[in-house]
Amino acid sequence: MRNPIGVLALAASLPLCCARAWAGPPFLTDDPEPVELKHWEFYAASQWTIARHEATGTSPHVEVNYGALPNLQLHAIVPAALAWTSGHSVEYGLGDIELGVKLRFIEERASRPQVGIFPLLMLPTGSEARGLGAGRVQGLAPVWVQKSFGAWTTYGGGGIRFAPDGNATVLGWLLQRSFSDAIALGVETFVTIPFRAEAVQIQANLGTIINLSELHHVLASAGPSFRTNAFMQAYLAYQLTI
């Protein structure tokens, strides 16, 4: 099974019109470690992007990951999306469905990190007019690297985000520490650099995973962005691993 505290997702790298995008449990930065062969991960989660007069989120979204082949994971997210703007009614319905495949092509050794790719597609199944989707196919093509040192793990990387509002380079790095078999804490920095002449976005998050047992887990993260239209993102999930 993958490192329990990491995955990318990248929800806060997209505008508020998109209710659910690239999120990962519980961070924006991803890791290259796939789910173990013939094992499953199930998430019941809620993720929010909140600005001064508007908010978008999932209430909830369901994520499924499956180790289909050695070093290869299949991934899907189906969201119930919610969008709110001050002065308007709340919109609620199906959001954009996310599909992906994680492939690790270099395994970790004492002298080298593990490396993998995790291309993602987001299908325009949510209503753009109601603020529940982007209206067009979106994509992410990243490379992720990870290395562990005792109780410490660090991972990160980046790639190209393809989106209707404009393509961008995304970069993220995370450092986490396991304090016991029951709890781990991590901190990340995630940067979005638009291809067009727009402000660079820097996102910081603090997150944790609590292992209630070998099968049951709780994950959470939250943090601010730093740009003109600053916002907060938050994530909370129950995870079942089998």
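Student: What does the accessible surface of the protein come to, and what share of it belongs to carbon and sulfur atoms?
Tutor: This is a predicted model, in which local features need pLDDT of at least 70, side-chain atom pairs count only at pLDDT 80 or more, and totals for chains, interfaces and linings use all residues. Residues are numbered from 1 along each chain as its sequence is written, and side-chain values use heavy atoms, with hydrogens and water left out. Accessible areas come from the Shrake-Rupley method with a 1.4 Å probe, and for residues only the protein chains shown count as cover. The total is about 10500 Å², and the carbon and sulfur share is 67%.

Student: Which strand has the lowest mean pLDDT?
Tutor: pLDDT is the predictor's confidence in each residue, from 0 to 100, and the protein averages 88. Strands (E, at least two residues) are DSSP runs, as are helices (H or I, at least four), numbered from the N terminus; the protein has 0 helices and 14 strands. Among these elements the highest mean, 98, belongs to strand β5 (residues 97-106), and the lowest, 94, to strand β13 (residues 216-226).

Student: With which residue does D31 form a salt bridge?
Tutor: A salt bridge is a side-chain nitrogen of Lys or Arg within 4 Å of a carboxyl oxygen of Asp or Glu, and the whole structure has 5. In the one with D31, the closest N and O atoms are 3.3 Å apart, and the partner is K102. D31 lies in the segment before β1 (40-50) and the partner in strand β5, so the pair ties together parts 71 residues apart in sequence. Both residues are buried (under 20% relative accessible area; exposed is over 50%, partly exposed in between; 1.4 Å probe, protein chains only), that is, D31 and K102.

Student: Is K147 buried or exposed?
Tutor: K147 forms a salt bridge with E108, the closest N and O atoms being 3.5 Å apart. K147 lies in strand β8 and E108 in the loop between β5 and β6 (114-117), so the pair ties together parts 39 residues apart in sequence. E108 is partly exposed at 23%, whereas K147, with a relative accessible area of 14%, is buried.
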